[in-house]
Amino acid sequence: MQSMLSDKRVECPAGLLNRAKQRSASVPTAIVNAGADLPMMSAKLAFEEGLIEPVLVGDCEAIRAIAKRLQWNITSLRLVAAESEQEAAQRSAELARDGEVAALMKGDVHTDNLLKAVLKKDNGLRTGNRLSHVFYMTLAGSDESLCITDGAINVQPSLEDKIHITRNAIALLHRLGNAQPKVAVLSATEQASPAMQSSVDAAEIVARARAGELFSEEPGAIVEGPFAFDNAVSREAADMKGMKSEVAGQPDILVVPNIEAGNIAFKQMVYFMGACAAGIVLGAKVPITLTSRADPAAARLASTALASLYASAD
């Protein structure tokens with residue numbers, strides 16, 4: 001089994017990083033509960049690459065001590081005091097609400113506490129869309145990408161949830177300059193069957209996309225499904241089944257039926273292919289970078305680059 005794991009070094013996609021660095025200004029970003037090594041290292045890396053202007057929220061004494069240990073001069077940066085992770089999440093949401101930051105980055109805070117603050121009505125960050133997560137996957141030496149959604153937040157999404165998940169992913173690629181992304185809605189079959197709810201949902205998502213309900217700008221997106229995984233990613237597999245498709249073999253977005261499918265799909269790419277997984281949460285008024293302790297520095301940097309491009313897009 002160990003021989004199947006990739007030994008490739010994970011790389012932040014050069015094209016994504018360069019595009020983010022070419023923007024006119026760094027994106028003001030609240031680091032939510034920054035007083036721990038990993039979020040401080042992530043913020044320092046993104047700051048040094050010119051991606052963000054960090055606002056460090058949390059235990060100011062701990063933040064300064066870690067910065068000193070990292071040899072990072074933060075005297076020019078804003079620190080916002082918070083005594084707990086809940087308070088750090090609340091203060092960060094308020095900064096976003098008041099327009100003082102344009103993005104949030106998860107620090108030493110539980111995801112549910114962070115998202116709870118984002119969704120709190122008084123904080124004014126809610127939109128008409130449900131929050132969803134997108135993994136922006138790339139391979140070393142290539143800027144071609146594949147988005148997988150949602151493998152991190154929505155556990156067993158309903159049809160309406162999947163509509164929001166799909167809409168958020170399309171909006172991301174629109175902001176990245178892809179005016180008509182190709183979207184494959186996954187199930188385990190190519191025909192809608194009442195015995196498999198994900199296939200029925202996929203067919204309904206396609207119908208609603210064709211009715212123009214998933215995007216406000218034309219040409220919008222090409223949305224097809226249901227797809228089994230092989231037919232979505234392989235033109236040859238689709239041809240063998242006689243499928244006529246504009247998406248098969250070249251999807252930009254895979255919409256998965258549940259969190260397990262998305263989680264497994266992105267981790268297979270990471271561990272078997274050495275892929276870089278940049279992940280952000282969409283659907284609020286500002287993008288949210290979620291990082292894991294298991295993420296390599298390249299993936300954390302790519303996530304920040306993705307969020308900064310989304311936040312600064314016209």
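A salt bridge is a side-chain nitrogen of Lys or Arg within 4 Å of a carboxyl oxygen of Asp or Glu. The legends below describe a predicted model.

**View 1. Lysine 21 and glutamate 49 form a salt bridge.** Their side chains meet at 2.9 Å, N to O. Lysine 21 belongs to helix α1 (residues 14-21), while glutamate 49 sits in the loop between α2 (37-48) and β2, so the pair ties together parts 28 residues apart in sequence. Lysine 21 is partly exposed, at 40% relative accessibility. Glutamate 49 is also partly exposed, at 24%. The structure holds 12 salt bridges.

**View 2. A salt bridge joins glutamate 48 and lysine 44.** The two side chains meet at 2.7 Å, N to O. Both residues lie in helix α2. They are 4 residues apart, about one turn of the helix. An α-helix has 3.6 residues a turn, so residues three or four places apart point the same way. Lysine 44 has a relative accessible area of 16%. Buried means under 20%, so lysine 44 counts as buried.

**View 3. Arginine 78 pairs with glutamate 100 in a salt bridge.** Their closest N and O atoms are 2.5 Å apart. The pair links distant parts of the chain, 22 residues apart. Arginine 78 is in strand β3 (residues 78-81). Glutamate 100 is in the loop between α4 (85-97) and β4 (103-106). Arginine 78 is partly exposed, at 40% relative accessibility. Glutamate 100 is partly exposed too, with a relative accessible area of 35%.

**View 4. Strand β1 runs parallel to strand β2.** The two strands, β1 (residues 27-32) and β2 (residues 52-58), are joined by 6 bridges. Proline 28 stands opposite glutamate 53 in β2. In β1, 5 of the 6 residues are buried, so the strand is largely enclosed by the rest of the structure.

**View 5. Helix α7 spans residues 197-210.** Its 14 residues reach 20 Å from first C-alpha to last, close to the 20 Å expected at 1.5 Å a residue. Among the buried residues of α7 are Asp201, Ile205, Val206 and Arg208. The cover over its buried residues includes α6 (159-175), β7 (182-186) and β8 (222-227). Arg208 is linked with Glu160 and Glu213 in a network of salt bridges. Just after α7, glycine 212 takes a positive phi of about 80°.

**View 6. A nonpolar patch lies on the surface.** Met4, Leu5, Leu139, Tyr271, Phe272 and Met273 form this patch. Together they have about 540 Å² of accessible area. Tyrosine 271 is found in helix α10 (residues 259-273). Tyrosine 271 is partly exposed, with a relative accessible area of 45%.

Technical notes
Residues numbered from 1 in each chain as written. Predicted model: local features only at pLDDT ≥ 70, side-chain atom pairs only at ≥ 80, totals over all residues. Heavy atoms only, no water. Expected span 1.5 Å × (residues − 1). Buried < 20%, exposed > 50% of the residue type's maximum accessible area, 1.4 Å probe, protein only. Contact = heavy atoms within 4.5 Å. Patch = residues over 30% accessible without salt bridge, like charges linked within 9 Å, V, L, I, M, F, W, Y side chains within 5 Å. Areas by Shrake-Rupley, 256 points an atom, 1.4 Å probe, with all protein chains shown as cover. Pairing = 2+ DSSP bridges.
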